[in-house]
Number of protein chains: 2
Amino acid sequence: MPFADALTAATKKKSPICVGLDPQLEKLPAELSKDPDGVLAFTKGIIDAVKDIACCAKINLAFFEVLGWQGMKVFWETCTYAKERNLIVIADGKRNDIGSTCEAYAEAYLYEGSPVDALTVTPYLGSDGVAPFIERCVKNDKGIFVLVKTSNKSSGELQDLPVGDEVVHEHLAQLVESWGAQHLGKETSLSCVGAVVGATYPEEMKYLRTLMPHIPFLIPGYGAQGGTAQDVKYGFIRHGTGAIVNASRSIIYASSAADWKEVAGKAAERMAQEIAATLG
Amino acid sequence: MPFADALTAATKKKSPICVGLDPQLEKLPAELSKDPDGVLAFTKGIIDAVKDIACCAKINLAFFEVLGWQGMKVFWETCTYAKERNLIVIADGKRNDIGSTCEAYAEAYLYEGSPVDALTVTPYLGSDGVAPFIERCVKNDKGIFVLVKTSNKSSGELQDLPVGDEVVHEHLAQLVESWGAQHLGKETSLSCVGAVVGATYPEEMKYLRTLMPHIPFLIPGYGAQGGTAQDVKYGFIRHGTGAIVNASRSIIYASSAADWKEVAGKAAERMAQEIAATLG
């Protein structure tokens, strides 16, 4: 099934919530060991707690890479575990390169049968830094989310530079739409090419939705970074589809006591309700 | 020793040649196994062959990630091997993120005592996607190379967008200079913050050198991608310092027969001579 169709079906069945797995040793629940084994127990516990509420798990490569190759082993084990529990698995790696190196990144994460369903990609290198990813998306029913407007304070330094009567990220948005519009799902008019659009810039999100009508949005910045349900609603297309909203810290670190799984599940449920209420 | 001083000393002692280790299974010498063990034998062989000619080894993460966690184990073993043989080790990962995720990437590669001396970084997120790396550079005598103008054909799609009377990558170059000028070496006026500037755009390189007087350049695109010794000379500051020139395929795959190490060493020597002749 094309990625866009799978994503839409999952958001309808469960919710547009994406839970970000950012395991930091010093923040793990008190009962877990502060090592790769503890990280795996943590990611599995969070996955079990949210699997019937969230449509996606966004697994953040940096927190596994920092544990060396042992961490990368846990990364792949986490992806497989999440996939087996019917979560759509997004590897948040913000990878980018050209030529044979880009092919290698694409093959590393989006190969046929990979437990990773989608990868985040940084677009600074232009379309030949994105094409090898899109090729795998089409061939292997995978997806990518291209960074367009990020949620951080200094995102404007490059992304908001004025280019004629628009800004850099608006220009990029039109490139992303042109890359994606050629590869739509069978049951939706959404593409396997998605965009990352931060929750912390709601006015931009509204405009970007008009520039990218076929592009699923991955919206970070909810919760701990300040984004609210009201801020993200313009990212959706209709019936709560076309966008997924990520929260990491506000869910996975909601408790570090023995009740951590239960409290994480409840935090995800509360977030799903907040967003559903806004979408009406 | 600050990164910029170590880099300058190594380029003076050996040459400004950086050898890119991009191990692709299908291109390994015939005598090696097409698996992570074969990759490690290959990277060690190339390192032995070039260690007295090249100042740096650029180790390209994608080609290790595509082999799963077993590949990441070989990545770290390769870095350690190169470091022990007195090469400056550049991890080419083009990493980028914000906040605690960016901290995790910085800590993953640029921790105190890491065999990695420098990391390539993609700047689309702005200065808060770069600051955590610079912090480790200063504290742990490490370096970064920020992508400014890349060597690929479509690099202009974002990098050359007009912003007032300049273009995006020129604007970025001034940001990079401002980030770097605060953190110079003790024996050089070069920074721990470097820039990636492709060999395939020599006119831009000339201008970028004036915009970034304190920034060491990492110049990809030599050899297989079409850059020549004539093209790269404007990246240097004086006496063959201030820039390193990378070649990957034209050195490491110069032969796949039993003489692969010897031929790789000769290819690196020839490249060092070509560049020395142009610098005069």
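How far apart should the ends of helix 4 (residues 68-84) of chain A be, at 1.5 Å a residue? Let's find out with a short tour of this predicted model.

**Stop 1: helix 4 of chain A**

The 17 residues of helix 4 should span 24 Å, and the end C-alpha atoms are 25 Å apart, which agrees.

Now show the side chains of the buried residues of this helix: A:W69, A:G71, A:M72, A:V74, A:F75, A:T78, A:C79 and A:A82.

**Stop 2: where the chains meet**

Bring both chains into view. Chain A superposes on chain B by a rotation of 180° with 0.0 Å of shift along the axis, at an RMSD of 0.0 Å. The two copies are thus related as by a two-fold rotation axis.

Next, select the contacts: 46 residues of chain A touch 47 residues of chain B. On the chain A side, the elements giving two or more residues are helix 3, helix 4, helix 5 (99-110), helix 7 (156-159), strand 6 (162-163) and helix 8 (168-180). Helix 5 of chain A supplies the largest share, 7 residues. Colour this side by residue class and you will find 21 nonpolar, 16 polar and 9 charged residues. Because 100% of the interface residues of chain A are also interface residues in chain B, the copies meet through the same surface.

**Stop 3: strand 5 of chain A**

Is strand 5 (residues 143-149) of chain A enclosed or open? Of its 7 residues, 7 are buried, so strand 5 is largely enclosed by the rest of the structure.

Zoom in on A:T120, which stands opposite A:F145 of strand 5. Show helix 6 (residues 131-140) of chain A as well: with strands 4 and 5, it makes a right-handed β-α-β unit.

Finally, select strand 8 (residues 193-197) of chain A, another parallel partner of strand 5, over 5 bridges. Here A:V193 is the bridge partner of A:I144.

Technical notes
Residues numbered from 1 in each chain as written. Chains lettered and ligands numbered in written order. Predicted model: local features only at pLDDT ≥ 70, side-chain atom pairs only at ≥ 80, totals over all residues. Helix = DSSP H or I, 4+ residues; strand = E, 2+ residues; numbered from the N terminus. Expected span 1.5 Å × (residues − 1). Buried ≥ 20, exposed ≤ 12 C-beta atoms within 10 Å, placed from the backbone. Least-squares fit on C-alpha atoms with pLDDT ≥ 70 in both. Contact = placed C-beta atoms within 7 Å. Nonpolar A, V, L, I, M, F, W, Y, C, P; charged D, E, K, R; others polar. Pairing = 2+ DSSP bridges. Right-handed = clockwise from strand over helix to strand, strands pointing away.
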